[in-house]
Amino acid sequence: MSMSTKDKQLLVVIGLVILFGITLANFRKCAENISAKQRALQIAKDNVALQTELIAAKDIWAERYEKKKPQMPTFKTDIQVDTYWLNIMDLAAERHGVKIRNRHSGTETKLSDVYEFPIEVKDWESELEPFINFMYAIQAEGAMLDIRTLTITPVANKPGLLKGSFVLYCAYMRDDSAE
């Protein structure tokens, strides 16, 4: 069986079309890979720039830390801090009309010479102003606070009333000579 010139030309054209299709598909994958790598490179460059700025500001941060350090509560190493922080939070909540229904304490974490103690409040209810006053009152007690997660939603059929959850991180130091 011999092929005519026309059939051979058609076969070459079909082969070229298939080859072009394969090349195009591979090019698209390569272009997507290059684009993803460029995005990753830009993210890495941004991170390096941010870290360079932070390193350059090291003295400023060290100075700020030294100013805040005396304000941090200090506890002996053998004292449990959960009752201290929970008591401060409960008294402030009661004083400002914030209803805390479900809370539990986490585990202490050491970060250099500073310790963190999380308190997860899964269910609270209050109006906005008493809740803000509650947060301010806890900080006024001498607590170093950081709220990393806060959810607030309105209570259905109760205008002005809010509910939600938050995780309160209390920062402090430990020292055996503390009273």
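1. Methionine 144 is found in strand S5; strands (E, at least two residues) and helices (H or I, at least four) are DSSP runs numbered from the N terminus. Methionine 144 is buried, with a relative accessible area of 16%. Buried here means under 20% relative accessible area, exposed means over 50%, and partly exposed lies in between (1.4 Å probe, protein chains only). Methionine 144 touches Lys68, Gln71, Met72, Pro73, Tyr169, Cys170 and Ala171, not counting residues up to four places away in sequence; contact means heavy atoms within 4.5 Å. The C-alpha atoms of methionine 144 and leucine 11, 133 residues apart along the chain, are separated by 78 Å.

2. On provenance, this is a predicted model, in which local features need pLDDT of at least 70 and side-chain atom pairs count only at pLDDT 80 or more, while totals for chains, interfaces and linings use all residues. Residues are numbered from 1 along each chain as its sequence is written, and side-chain values use heavy atoms, with hydrogens and water left out.

3. The chain has 4 helices and 6 strands. Read from the N terminus, the order of elements is α-α-β-α-β-β-β-α-β-β. The radius of gyration of the chain is 31 Å, well over the 16 Å that the globule rule gives for 179 residues, so the chain is more spread out than a compact globule. That radius is taken over C-alpha atoms, and the globule rule is 2.2 Å times the number of residues to the power 0.38. Along the principal axes, the C-alpha atoms fill a box of roughly 100 × 50 × 30 Å.

4. Some totals for the chain follow. Of its 179 residues, 23% are buried. The accessible surface comes to about 13100 Å², and 58% of this belongs to carbon and sulfur atoms; areas come from the Shrake-Rupley method with a 1.4 Å probe, and for residues only the protein chains shown count as cover. Among contacts between residues at least 6 apart in sequence, 66% join residues at least 24 apart. The mean positions of the 23 positive and 24 negative charges are 12 Å apart. Lys and Arg count as positive and Asp and Glu as negative, with His and the chain ends not counted; each charge is placed at NZ of Lys, CZ of Arg, CG of Asp or CD of Glu.

5. The largest nonpolar core has 24 residues, of which Trp85, Met89, Ile119, Phe134 and Phe166 touch the most other members. Such a core is a set of buried Ala, Val, Leu, Ile, Met, Phe, Trp, Tyr and Cys residues joined through side-chain atoms within 4.5 Å. At least two residues of this core come from each of helix H3 (82-96), strand S4 (114-127), helix H4 (128-140) and strand S6 (161-174). H3 gives the largest share, 6 residues.

6. Phenylalanine 166, leaving aside neighbours within four places in sequence, is in contact with Met89, Ile119, Glu120, Val121, Trp124, Phe131, Phe134, Met135, Ile147, Thr149 and Leu150. A second, separate core of 5 residues includes Met72, Met144, Ala171 and Met173.

7. Tyrosine 65 lies in helix H2 (residues 58-68) and is partly exposed, with a relative accessible area of 27%. Beyond four places in sequence, tyrosine 65 touches Asp113, Val114 and Met173, and Met173 is also a member of the second core.

8. Arginine 148 lies in strand S5 (residues 144-154). At 45% relative accessibility, arginine 148 counts as partly exposed. Not counting residues up to four places away in sequence, arginine 148 touches Glu116, Val167 and Tyr169.

9. Two loop residues other than glycine have positive phi values. Serine 112, in the loop between strand S3 (109-111) and S4, has phi near 55° and is exposed, with a relative accessible area of 60%. Asparagine 157 is found in the loop between S5 and S6; phi of asparagine 157 is near 65°, and at 78% relative accessibility this residue counts as exposed.
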